[in-house]
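Please keep the sequence and the structure in view while reading.

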Amino acid sequence: MNAATTEPKRILIYFDEPNPTWGYLPWLLHDPLLLAERMILTETRVASADGGRFEPDLSAAVVRSFDLVIVPFPHTIRDEFVGDLLSYLDTGGALFLVQPSTATGELPRAIADRADIRDEGWVAELPYHSFSLTAEHPGARVLGVPEGTSAYPHAKHARHPRYSADGAAVLTRIGGGGDPDLVVSSSSRIMLAATDVFADLQAHEKETLDYYRYRRAIGYLMLNGIRELLGYGFVVQPIQKPQQRWSDMFSAYAAGKAHVMSVRDVFPERLSPEEALTRLHDADSLIERSVRSLTGGRLDEGREHYDAAIRILSECMAAMTQVDRFLIRGWQANALFDHDYGGGLLGFAQTQWMDLLLEWMTMQLDWITRSGAKRVHAIASMTWEIMAKYYPEEVRQFARATDEGRLEAVSGLYTQAYLPLLSAESNVRQFALGHRALRSILDADVEVFLEPRDHFNFHPQLPQILKGFGFEYAILRCLGHLGELSPVLAHRIRWRGLDGTEIEAVPTYEGIPSPHLPQFWLDAELLGKADALGYPSLLLGDSFDSTLDFPGEKEHTFLNAVAPVAGTWVTASEYFEHTTPAEQSIYFGVDDLYARLMEVWSSFGCLNEAYGWNRDVEARILSAEKFGAVASLLSDRAKERSRGDQQSLEGAWKQLLATQDRMALGAPNYDEQTPPFPLEPGGERAAKHYWGFHLGLLPEREKFNTMGMENLQEMLTENYAGPMVPVSRYQKVVEAIESSRSSADRVLGDALSSLACRIGPPKDDGLVPVVVYNQLGWRKRDIITLEREFPAGRIRSFIVLDGEIEVTHQVLSQQTHPDGSIKTVNFLLMADIPSMGYKTYFLKPVEERI
């Protein structure tokens, strides 16, 4: 059939809300499986809701204007509409309904008869972790898998109607019982789904290895059923890779067309309905020609027609808004520990299931390789180090993509630490070790400071630190509930630090609500605001969770790589290269960079305790570094030993920085945590601490609804198949702190011993030397506390000498031997020590003073 010589098929799709998470459904219909037969026009409407039941308007006045009506969610068919639907079917109309029923919960008998099924009532729950499997009908062969293969998953504990097929074509059956799920009537144009298939799919969108495989399976089974409904007949051959890639192309076109139409409503005076209709008709005509060329084997010609259609969409956008839109998509992942607990490495959130993370990144890399789009990554450098060790082949392909400019490393921190909470030294070490790791593994120099959107990492001194490490640009963006950055009415600014250092930056935009910015495209209303405010350009998108895809991310990856519809794909640094420089310099003080809820990701645990550990261990490592260097300069210690000490201290720093990751700093000790108030029987749920109380108190099913970060992925993921994490973050942090402290103390002790050996014996054998060290870069005069222990009979009283000069001291406490001599003494001393040096004081025994 020549699609160009026929009228398009009109399809009505009901939504249960204005922008459902499965809103991609109209895009899936723009597939060669349908377009090769006839072009389609889709229209969406929102069903009314009454008492929790959705009641789409299925009256004759509505449905008779369409060739196919789809209701892709559980809904109620009002009694007065049943006759209208039967008449609609009799006159050639078609229906695809998901879990339809009357107000009494039953499928209308007349509808069931037309569908060639019997409704045997509701099953209270699906089998736990249930899937629907490919069935015996040849139409299921489009998936290219054997009968009985898992096609798509279901959410936990969902109910469904039990159908018996009386001659209907069964494409899938519910696993665990074999009840028909997706059925197509053999005598009438009606298809039914017994499960809430699209909502079930969306429950698996986060942290599911096979989400897109599931979505593709549902899409092709649905499309094949629709082919039968529209009179084209089932396809009984597998849809193979080239055709699957064409599916990606045409669903991307549909997404772009929908975006243009939504924006046109905001700018009617710039692109009239008549002009929009003409341009979109021209684009549709090119899509028709593209489909015919591709299915006819003329691939280059088909691609030319397709690209021309996308350019028309881009021209429509350019006619409506003067705002240049640029798109970034960043991958974010927390710290991964080199800790094998049996079957997996120890990681939290995105790094908990490493196979998933690497396969997801590889999938994204395939998208941008095929399309020409770009990505950036803000994955912790510590994680890159461990991935390079255990996944060297995969990491090499990301290094190649980085070298080729398809990927860009941003942020550059060793772990995803909260810089405002940390000392200046830890701020610097995070960048120093982070950059070193990225340069070693990916051969990448970081130019842009871009942090995950659910992470606040800004303070007034940061511009100075960033410029010192070679950064050229910064992007000031954060979700509002974790922090606030003063907005600016400018596309770029020069962010000025405390010392006057400036760095080019993208500010938080004034007049455009920030929660909308992380999406890859502004909704039409917000784009209208940006246009009215005079923004010359906008940077849309940011860095967010790896393994989590945004709605429409795949479609817009392929779409906007051809021509800017939602925007132009760039790396973070390319945005600055493509836009005009900043015109104003702005200093942000602490009131302009306001962080809150920094303990969210560590589950409100021992934040103060962890902060104390950090300051203590940091001071020890710094002392070990300084006095280790002094000892090496002043002694003939072997170079190999000095090099070994340096490696030990670098390891100590890395262990310490690992504990600063936002998933680790302040993690709760569940073994010692108790409910904040007494529990009544059955009150375990009330004892939940916000985002992470003692998970052991919760019923098993509740654990899957609790945002405790100990085992985040298995809590949020339906039918989770990845590694379970048996090691608590608190225990891992304590282990890392102790390891870091031990390494620092060993190197410091060796260095001080080496220096002490250089001090000659006192002239007077009765003198007791006390060596005091100063690790600071300036002379220090201060009161210090000393403690010494003596054998029996050695000292009964003493004075403190600095050379020949007596120094004031004060005994705080002492213990004595049975003979009255001093056993231990704790005393204060006014010390005066040179910078990065030491001084030897001597305790001189004297007659006991009264």
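In what order do the strands of the open sheet of three strands lie, and is their pairing parallel or antiparallel? In this predicted model, the order is E34-E38-E37, and the pairing is antiparallel.

## The three-stranded sheet

Strand E34, residues 780-789, and strand E37, residues 809-816, stand at the edges of this sheet, and because each has a single partner strand, one side of each is left without a neighbour in the sheet. On average, and with direction ignored, neighbouring strands here are turned by 15° against each other.

Strand E38, which covers residues 822-833, runs antiparallel to E34 and is joined to E34 by 10 bridges. One of the residue pairs that can be located in the structure is Asp782 with its bridge partner Ala831, the latter lying in E38.

## The chain as a whole

The chain holds 23 helices and 39 strands, and of its 850 residues 56% are buried. Its accessible surface comes to about 34700 Å², with 49% of that area belonging to carbon and sulfur atoms. When contacts between residues at least 6 apart in sequence are considered, 75% of them join residues that are at least 24 apart.

## Nonpolar cores

The largest nonpolar core has 233 residues, and within this core Leu29, Phe198 and Trp495 touch the most other members. Helix H7, residues 211-229, gives this core its largest share, namely 11 residues. There is also a second, separate core of 17 residues, which includes Val770, Val800, Val807 and Val825.

Arg496 takes part on both sides, with Glu502 as its bridge partner in E27 and Tyr587 standing opposite in E31. Five residues lie between the strands in the hairpin of E26 and E27, and in this hairpin Gly500 takes a positive phi near 95°.

The buried residues of H11 include Met354, Leu357, Trp360, Met361, Gln364, Leu365, Trp367, Ile368 and Ser371. An α-helix has 3.6 residues a turn, so residues three or four places apart point the same way. Just after H11 comes Gly372, with a positive phi of about 90°.

Helix H14, residues 424-442, can be checked in the same manner: its 19 residues should span 27 Å at 1.5 Å a residue, and its end C-alpha atoms are 27 Å apart, which agrees. Among the buried residues of H14 are Phe431, Leu433, Ala437, Leu438 and Leu442, together with Ser426, Asn427, Arg429, Gln430 and His435. The residue that follows H14 is Asp443, whose phi is positive and near 55°.

Definitions and conventions. Residues are numbered from 1 along each chain as its sequence is written. This is a predicted model: local features need pLDDT of at least 70, side-chain atom pairs count only at pLDDT 80 or more; totals for chains, interfaces and linings use all residues. Side-chain values use heavy atoms; hydrogens and water are left out. Helices (H or I, at least four residues) and strands (E, at least two) are DSSP runs, numbered from the N terminus. Buried means under 20% relative accessible area, exposed over 50%, partly exposed in between (1.4 Å probe, protein chains only). Contact means heavy atoms within 4.5 Å. Accessible areas come from the Shrake-Rupley method with a 1.4 Å probe; for residues, only the protein chains shown count as cover. Two strands pair if DSSP finds at least two bridges between them. Axes are lines fitted to C-alpha atoms, for helices over the stretch in contact, and angles run from 0 to 180 degrees between N-to-C directions. A nonpolar core is a set of buried Ala, Val, Leu, Ile, Met, Phe, Trp, Tyr and Cys residues joined through side-chain atoms within 4.5 Å. The expected span of a helix is 1.5 Å times one less than its number of residues.
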